[in-house]
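Look at the chain below.

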Amino acid sequence: QRLCPKSRNFLVLSELRQLQSVEDMPIDFGHMGTLWVLDSDRNGRVTLEELLQFATLYAQLRANFRDYDFPFQIQAHCSLRMFDEVSVEGTDRWVMWFTLLFSESHLVKTFPEYPGVAFLARDAAHMVHEVLQVDEHYGYDVQRFFDLVQRTGEEMGIMSIEDERLDEMVPRVALEKFAEAYIEGFLKLMQDELYFQPQQPVERPGLKTKTYVDSTQRRRSSSSQLPKPET
């Protein structure tokens, strides 16, 4: 309630990342798989009901793992959920969700000279850089990443970097292009390097949502698909 303004009943990404996990319930609210599972209706907003649903899932999974590796296991479970659902539903929905997730935290601006183009403030690009660990995974510091997104917008013909009004802005569609590359890379990593295969969700009596094989079982089943060492 302290983080959520009285005018609305949901939290956005910038507010979620301010949530403090209690010591015996560590949750990384900057982990993409966790955010995907948490935001169950994929609208870029997290309600109290969604937080409670995630807490229920957390408690169910907690019974299956040892305390010391549970933070890793909850992230693994959420990553597998995201992998399964995106593989089945396609990447377009994920990219749309990604865009909503980062747009909800920032004011969207438009300019008559760039019809149909939505712009976000520099902070949006900075948050993408931080949450996706662009520096670690791609070798781009935050300024290089910001410049890259702006250049992408100019190459697409939807902005001019000579326009001083856009010095601290990025076109939202350019971030969408990065999101497309990110999720395609994630799917390729899961299948081609970690040897996971997407699984269809399972209907369970009495549950409103579909469930998936837990991450421990998935790891065991996938290990048989690893290439055998040469002898």
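Thr99 lies in helix H5; helices here are DSSP runs of H or I with at least four residues, strands are runs of E with at least two, and both are numbered from the N terminus. The model is a predicted one, in which local features need pLDDT of at least 70 and side-chain atom pairs count only at pLDDT 80 or more, while totals for chains, interfaces and linings use all residues. Residues are numbered from 1 along each chain as its sequence is written, and side-chain values use heavy atoms, with hydrogens and water left out.

Is Thr99 buried or exposed? Its relative accessible area is 10%, so Thr99 is buried. Buried means under 20% relative accessible area, exposed means over 50%, and partly exposed is in between, using a 1.4 Å probe and protein chains only. Leaving aside residues up to four places away in sequence, Thr99 touches Arg172 and Glu176, where contact means heavy atoms within 4.5 Å. The C-alpha atom of Thr99 is also 9.5 Å from that of Asn43, although 56 residues separate the two along the chain.

How do H5 and H9 pack? Helix H5 (residues 91-103) meets helix H9 (residues 172-193) at an angle of about 130°, and their axes are 9 Å apart. Axes are lines fitted to C-alpha atoms, for helices over the stretch in contact, and angles run from 0 to 180 degrees between N-to-C directions. H5 is therefore oblique to H9, since angles under 35 degrees count as roughly parallel, over 145 as roughly antiparallel, 65 to 115 as roughly perpendicular and the rest as oblique. On the H5 side the contact is made by Thr91, Trp94, Val95, Phe98, Thr99 and Ser103, and they meet Arg172, Leu175, Glu176, Ala179, Glu180, Tyr182, Ile183, Glu184 and Leu187 of H9. The residues of this contact divide into eight nonpolar, three polar and four charged. In this count Ala, Val, Leu, Ile, Met, Phe, Trp, Tyr, Cys and Pro are nonpolar, Asp, Glu, Lys and Arg are charged, and the others, Gly among them, are polar.

H9 also packs against H4, at an angle of about 110° and with the axes 11 Å apart. These two helices are therefore roughly perpendicular to each other. Ser79, Leu80, Met82, Phe83, Val86 and Ser87 in H4 meet Ile183, Phe186, Leu187, Met190 and Gln191 in H9. The contact of H4 with H9 has eight nonpolar and three polar residues, and no charged ones.

Gln133 is placed in the loop between H6 and helix H7 (134-138). Although Gln133 is not a glycine, its phi is positive, at about 50°. With 39% relative accessibility, Gln133 counts as partly exposed.

A positive phi is also found at Tyr195, near 60° in a residue other than glycine. Tyr195 sits in the loop between H9 and helix H10 (215-223), and its relative accessible area of 26% makes it partly exposed.

The chain as a whole has ten helices and four strands. From the N terminus on, they run β-α-α-β-α-α-α-β-α-α-α-β-α-α. Of the 231 residues, 42% count as buried. Among contacts between residues at least 6 apart in sequence, 60% join residues at least 24 apart.
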